[in-house]
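Reader: Could you help me learn to read salt bridges and burial in a model? I would like the general idea, then the case at hand.

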Amino acid sequence: MGEMIYGKAKGIKDFIMITLGTGVGSGIVVDGKVVYGSTGFAGEVGHTIVEPNGRLCNCGRKGCLERYCSATGIVITALTKLRTTSERSSLREYKEDEITSKLIYDYAKMGDTLALSCFDYTAKVLARSLANAAEVTSPKKIFLFGGLSKSGDLLLKPLKTYFEQELYPVFRNTIDIELSGLKDTDAAILGAAALTFE
Ligand SMILES: [Zn+2]
């Protein structure tokens, strides 16, 4: 709602908001209204399963999107690659508990192929989930928010490419993926303020 009133979703009636933080949060707006569903929990894209029997999630199930496409998820991806491949990477100079999403970002920027492949994998998994979500509500735009979205083109470029590939053809080239227009520090308070307009 904050995005609708103060951000880039002004005048847009159908959009999806995805927060890539330590987990993955999301909100779905259809015809200008946030979708709450019968429980109030509708729009939990972060806990849709992207890999059967996959990574254990904090919700107790396995394979949820947020275990792959959050700041935590990309670290797990990097650690898995470091443990299971012999690919050269400057990340090998660090202890496992020193590897953060920011470090992976920094090395990807410097051209480290293992770090880059972590972003590519994250983008691929996220693209499929966004395509699935988009096919349900046909949004005009998808806005990304949160720490991992600040990786900019490292994530956004492969994400857009994979997203178009994964989409059901009638939806291709109809949905923009953009970064949120809200500042992190303001987002929660602007969303809360926006609620009072309802
Ligand atoms: Zn989960």
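Reader: Which residue forms a salt bridge with glutamate 178?

Author: Happy to start there. A salt bridge is a side-chain nitrogen of Lys or Arg within 4 Å of a carboxyl oxygen of Asp or Glu. Here, glutamate 178 pairs with lysine 141, and their closest N and O atoms are 2.7 Å apart. This is a predicted model, where local features need pLDDT of at least 70 and side-chain atom pairs count only at pLDDT 80 or more, while totals for chains, interfaces and linings use all residues. Residues are numbered from 1 along each chain as its sequence is written, and side-chain values use heavy atoms, leaving out hydrogens and water.

Reader: With which aspartate does lysine 141 form a salt bridge?

Author: With aspartate 176, at 3.2 Å between the closest N and O atoms. Lysine 141 lies in strand 4 (residues 141-145) and aspartate 176 in strand 5 (residues 176-179), so this pair ties together parts 35 residues apart in sequence. Strands (E, at least two residues) are DSSP runs, numbered from the N terminus.

Reader: Does lysine 141 count as buried or exposed?

Author: Buried means under 20% relative accessible area, exposed over 50%, and partly exposed in between (1.4 Å probe, protein chains only). Lysine 141 counts as buried because its relative accessibility is 15%. Aspartate 176, at 37%, is partly exposed, and so is glutamate 178, at 22%.

Reader: Which residues do salt bridges with shared partners join into one network?

Author: Lys8, Lys141, Asp176 and Glu178.

Note on methods: Helices (H or I, at least four residues) and strands (E, at least two) are DSSP runs, numbered from the N terminus.
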